[in-house]
Amino acid sequence: MNRRKFVKAAGLAAASTAISAPAIAQSAPTLRWRLTTTFPKTLDTLYGACELFAKTVGDMSDQKFQISIYGPGEVVPPFQVLDAVANNTVEIGNSADYYYIGKDPAFAFGTAVPFGLNTRQMNAWLAYGGGLDLLNELHAQYGVYAIPFGNTTAQMGGWFRKEIKTVDDLSGLKFRVGGVAGMVLSKLGVVPQQIPPGDIYPALEKGTIDAAEWIGPYDDE
């Protein structure tokens, strides 16, 4: 599942290559942007990628372009990142497109469709098959511009409180699973649950849900 970077469209003047980098840094105004993410700080791969991104941008601009990072709930709830960028609450958001299929089912293609493209195929489609251009036609309707920001590859089938032995065992199962996967599993009797990443484990532990699908062993742990 690809993680999407929602970036507000901004025009930046290109500096002449004849000007040295220090001169550009000295003359450029200081930009301070805010980045809000769906993913909690405990996820060092997903949240950590935001930190690395902000640090890299700061270093490359001689700290003239500074990005502050905010976790879920610090500015907006985890599933309102797209809206926060669209309404100018923040300049950048880090989230997954499939959380927003309620706005338009086409958002599902911004992450990965179950039983669809693998990692290399997804990257190829985005970069060389016109996929990102198509997605940005969709994002433009919300005033945002999307940039690919990581790829978690194939995900686990899920974690279950009780062993699943037959299709009948799925009937009535309260399963934390997002996007189109939830729509597919609902055909088998599953009751999909949309739960923010930071709340998945407590819900599973307390029995509020019967099963949960997240990413893979490392992030799940």
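Analyst: A residue is called buried here when its relative accessible area is under 20%, exposed when it is over 50%, and partly exposed in between. The mean pLDDT of the chain is 88, with 88% of the residues reaching 70 or more. Residues 1–20 are another matter, for pLDDT stays under 50 there, although the model gives this stretch 78 contacts beyond four places in sequence. Where pLDDT is low, predicted coordinates should not be read in detail.

As for the setting, the chain has eight helices and nine strands, and 40% of its 221 residues count as buried. Of the contacts in the chain with a separation of 6 or more, 67% are between residues 24 or more positions apart.

The largest pocket has a volume of about 610 Å³. Its lining is made of 29 residues, and those nearest the centre of the pocket are Val113, Pro114, Phe115, Gln155 and Glu213. By residue class, the lining of the largest pocket holds 17 nonpolar, eleven polar and one charged residue. Among the helices, α4 (119–128) and α6 (179–186) each supply at least two residues of this lining, and α6 gives the most, with five.

Of these two helices, α4 can be followed around its axis. Thr119, Met122 and Leu126 are the buried residues to look at in α4. Because they cover an arc of only 70 degrees around the axis, they lie on the same side of α4. The face of α4 turned away from this buried side carries Arg120 and Tyr128, both exposed.

Gly131, Leu132, Leu135, Asn136, Leu138 and His139 are buried in α5. Their arc around the axis is only 150 degrees, so they too are placed on the same side of α5. Asp133, Glu137 and Ala140 are exposed on the other side of α5.

Alanine 28, in the loop between α1 (21–27) and β2 (31–37), counts as partly exposed because its relative accessibility is 24%.

Glutamine 63 belongs to the loop between α2 (46–60) and β3 (65–70), and its phi is near 65 degrees, a positive value in a residue other than glycine. With a relative accessible area of 40%, glutamine 63 is partly exposed. Asparagine 88, placed in the loop between α3 (81–86) and β4 (92–95), likewise has a positive phi, of about 70 degrees, although it is not a glycine. The relative accessibility of asparagine 88 is 53%, and therefore this residue counts as exposed.

Notes: Residues numbered from 1 in each chain as written. Predicted model: local features only at pLDDT ≥ 70, side-chain atom pairs only at ≥ 80, totals over all residues. Heavy atoms only, no water. pLDDT = per-residue confidence, 0-100. Contact = heavy atoms within 4.5 Å. 1 Å grid on protein atoms, 1.4 Å probe; cavity = no way out; pocket = protein on both sides within 12 Å on 5 of 7 lines; lining within 4 Å. Points joined across faces, edges and corners; volume = space filled by probe spheres on them. Helix = DSSP H or I, 4+ residues; strand = E, 2+ residues; numbered from the N terminus. Nonpolar A, V, L, I, M, F, W, Y, C, P; charged D, E, K, R; others polar. Buried < 20%, exposed > 50% of the residue type's maximum accessible area, 1.4 Å probe, protein only. Arc of directions from axis to C-beta.
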